[in-house]
Amino acid sequence: SPVRCHLQRSLFSLLFFLTTPIFNSAAMSGAIDMVQAWLGNDPYLLKLGIAGVLFTQLFPFLTTLIGLTSRLEDTAYAFSFVAGALLTFYTGQLSSLPTSDASTFISTLLSASSPLHLAVNALVLAWALRLGIFLYVRLVVSMKEGDWRTKTFKQSARGILFFWTLNMVAAFVVDLPVFALNSLRLPSALSVADYVILSMAAAGLLFEAVADQQKFAFKNDKANKNELCMVGLYRICRYPNYFGELLFWNSLGLLTLLHAPSLASALTALGPVGLIYLLLRVSGVPILEKSYEKRFGQNAEYKRYVAKTAKIIPFLY
């Protein structure tokens, strides 16, 4: 019955809430120590990163589990990148700065921090805030509680836990290059390569934001009901928002490769590579392609669009 299901979810959420600190401080802590011993960085920073990711997503997980709302999880996924990045940035670079007053802290921050640290963490903050707010507004405007994932994963406590765990692991792995950069002492001036790669990341952020907004405006125009968005950036590739996201995070991975003091540390740059696999082979493109084929597969205009338009990389692939 609905009452019994609600009680089961409430009990499950209570048990999860009580056991999460134990899990984080014991099993996860031990695993992080082993990984970081191999990477050669400060294990405390990695623990802070995963703690930020974990606890940012904990409240939305519980609200979904007990049936209040499932609108917060995607926003929390985006904001967890901020929590992980800023926690590791503060601990790795700022914890020794004077905090007597805000103006002193800010002036010392700007003079004592590497410009690369400031730029990377500012970009992550901008990317996450933009995406998190956009995803929440999109759900509010559409008057929906979620998308296909809601129907697929969020009908049971086990499915909700699986979806939440996938979100947490994805955010942690993709954010790994930022954690690594925040643990390093970086040069006091940007190199030409730094400028180029930061520009690539900024371009990816802008590309994703414009693509999201164009598709959002298209779908909310009643004249386009049941139509596929093929305007704006969607003229040059079918998934420009994914291209922007991949460009953004893999650019930060390149920065880690550029500044990592050892091969082991450089391997954290592989985190965003997992995002390529996730979007192209698992949860992104394949599911949308299947949906579009079902809806528009017999449409001649759709067939021409697929045949002549790149999938991810504009004009290329």
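**Ground rules.** I am working with a predicted model, where local features need pLDDT of at least 70, side-chain atom pairs count only at pLDDT 80 or more, and totals for chains, interfaces and linings use all residues. I number residues from 1 along each chain as its sequence is written, and side-chain values use heavy atoms, with hydrogens and water left out.

**Entry: α9 and α10.** I looked up the axes of α9 and α10, which come within 7 Å and cross at roughly 160°. Helices here are DSSP runs (H or I, at least four residues), numbered from the N terminus. Axes are lines fitted to C-alpha atoms over the stretch in contact, and angles run from 0 to 180 degrees between N-to-C directions. The angle makes α9 roughly antiparallel to α10 (the term covers angles over 145 degrees). The contact residues of this pair divide into 17 nonpolar, five polar and four charged.

**Entry: α10 and α12.** Next I took α10 (residues 240-259) and α12 (residues 271-282), which pack at about 165° with their axes 9 Å apart. These two are therefore roughly antiparallel as well. On the α10 side I found Tyr242, Glu245, Leu246, Trp249 and Asn250, which meet Pro272, Val273, Leu275, Ile276 and Leu279 of α12. I sorted the residues of this contact into eight nonpolar, one polar and one charged.

**Entry: asparagine 226.** I found asparagine 226 in the loop between α9 (192-219) and α10. Its phi is positive, about 65°, although asparagine 226 is not a glycine. Is asparagine 226 buried or exposed? Its relative accessibility is 60%, so I wrote down exposed (over 50%, while buried is under 20%, with a 1.4 Å probe and protein chains only).

**Entry: phenylalanine 296.** This residue lies in helix α13 (residues 285-296). Phenylalanine 296 counts as buried because its relative accessibility is 9%. Which residues does phenylalanine 296 touch, not counting those up to four places away in sequence? I listed Asn226, Glu227, Leu228 and Tyr302, with contact meaning heavy atoms within 4.5 Å. Phenylalanine 296 and leucine 228 are 68 residues apart along the chain, yet 8.2 Å separates their C-alpha atoms.

Definitions and conventions: Parallel < 35°, antiparallel > 145°, perpendicular 65-115°, else oblique. Nonpolar A, V, L, I, M, F, W, Y, C, P; charged D, E, K, R; others polar.
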